[in-house]
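This report goes through a single protein chain, from its overall make-up to individual residues. The sequence and structure are shown first.

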Amino acid sequence: MLTYIRRLQSNIGPNDVITIVIPEFETKKMWHMLLHNQSGMLLRLRLLREKNIIITTVPLMLK
């Protein structure tokens with residue numbers, strides 16, 4: 001994923017931005033959230049350092 005994002009960054013102009021949409025599961029129990037949202041959280045933390053990237057988290061309800 002990071003390789004793909006870096007490739008996109010090399011093809012955009014200095015005033016362009018990339019928006020990354022990360023789904024986040026909304027669960028009833030805290031330990032369920034820890035199990036399901038690890039990869040999204042790690043990706044978000046890694047991308048915070050990058051310039052011209054907007055990170056959007058979309059909550060998804062699990063039943």
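The sections below cover the model, its elements, the helix packing, the core and selected residues.

## Model and confidence

The model is predicted, and local features need pLDDT of at least 70, side-chain atom pairs count only at pLDDT 80 or more, and totals for chains, interfaces and linings use all residues. Residues are numbered from 1 along each chain as its sequence is written, and side-chain values use heavy atoms, with hydrogens and water left out.

The chain has a mean pLDDT of 84, and 89% of its residues reach 70 or more; pLDDT is the predictor's confidence in each residue, on a scale from 0 to 100.

## Elements and burial

The secondary structure consists of 3 helices and 2 strands. Helices (H or I, at least four residues) and strands (E, at least two) are taken as DSSP runs and numbered from the N terminus. In order from the N terminus, the elements run α-β-α-α-β.

Of the 63 residues in the chain, 16% count as buried. Buried means under 20% relative accessible area, exposed means over 50%, and partly exposed lies in between (1.4 Å probe, protein chains only). Contact is defined as heavy atoms within 4.5 Å. Among contacts between residues at least 6 apart in sequence, 69% join residues at least 24 apart.

## Packing of H1 and H3

Two packed helices are described by the angle between their axes and the distance between the axes. Helix H1 (residues 2-11) packs with helix H3 (residues 38-47) at an angle of about 35 degrees, and their axes are 12 Å apart. The axes are lines fitted to C-alpha atoms, for helices over the stretch in contact, and angles run from 0 to 180 degrees between N-to-C directions. The crossing of H1 past H3 is right-handed. A crossing is right-handed if the near helix is turned clockwise from the far one by less than a right angle, and left-handed if anticlockwise.

On the H1 side the residues that meet H3 are Leu2, Ile5 and Arg6, and their partners in H3 are Leu43, Arg46 and Leu47. By class, this contact of H1 with H3 has 4 nonpolar, 2 charged and no polar residues. Here Ala, Val, Leu, Ile, Met, Phe, Trp, Tyr, Cys and Pro count as nonpolar, Asp, Glu, Lys and Arg as charged, and the others, Gly among them, as polar.

In soluble globular proteins, nonpolar side chains tend to be buried together. The largest nonpolar core of this chain has 7 residues: Ile5, Ile18, Ile20, Ile22, Leu43, Leu47 and Ile53. Strand S1 (18-26) and H3 are the elements that give two or more residues to this core, and S1 supplies the largest share, 3 residues. A nonpolar core is a set of buried Ala, Val, Leu, Ile, Met, Phe, Trp, Tyr and Cys residues joined through side-chain atoms within 4.5 Å.

Leu43 touches Met1, Leu2 and Ile22, with residues up to four places away in sequence not counted.

## Residues of S1 and S2

Pro23 has its place in strand S1, and Leu60 in strand S2. The C-alpha atoms of these two residues, Leu60 and Pro23, are separated by 6.6 Å, although they are 37 residues apart along the chain. Pro23 and Val58, 35 residues apart in sequence, have a C-alpha to C-alpha distance of 4.8 Å. Leaving aside neighbours within four places in sequence, Pro23 contacts Val58 and Leu60, while Leu60 contacts Pro23, Glu24, Phe25 and Glu26. Leu60 is partly exposed, at 36% relative accessible area.

Phe25 also lies in strand S1 and counts as partly exposed because its relative accessibility is 29%. Phe25 and Met61 are 36 residues apart in sequence and 6.0 Å apart in space, C-alpha to C-alpha.

Leu35 is in helix H2 (residues 30-36) and counts as exposed because its relative accessibility is 59%. Between Leu35 and Phe25 there are 9.9 Å in space, C-alpha to C-alpha, and the two are 10 residues apart in sequence.

Asn52 sits in the loop between H3 and strand S2 (53-61). Asn52 is not a glycine, yet has a positive phi of about 60 degrees. With a relative accessibility of 35%, Asn52 counts as partly exposed.
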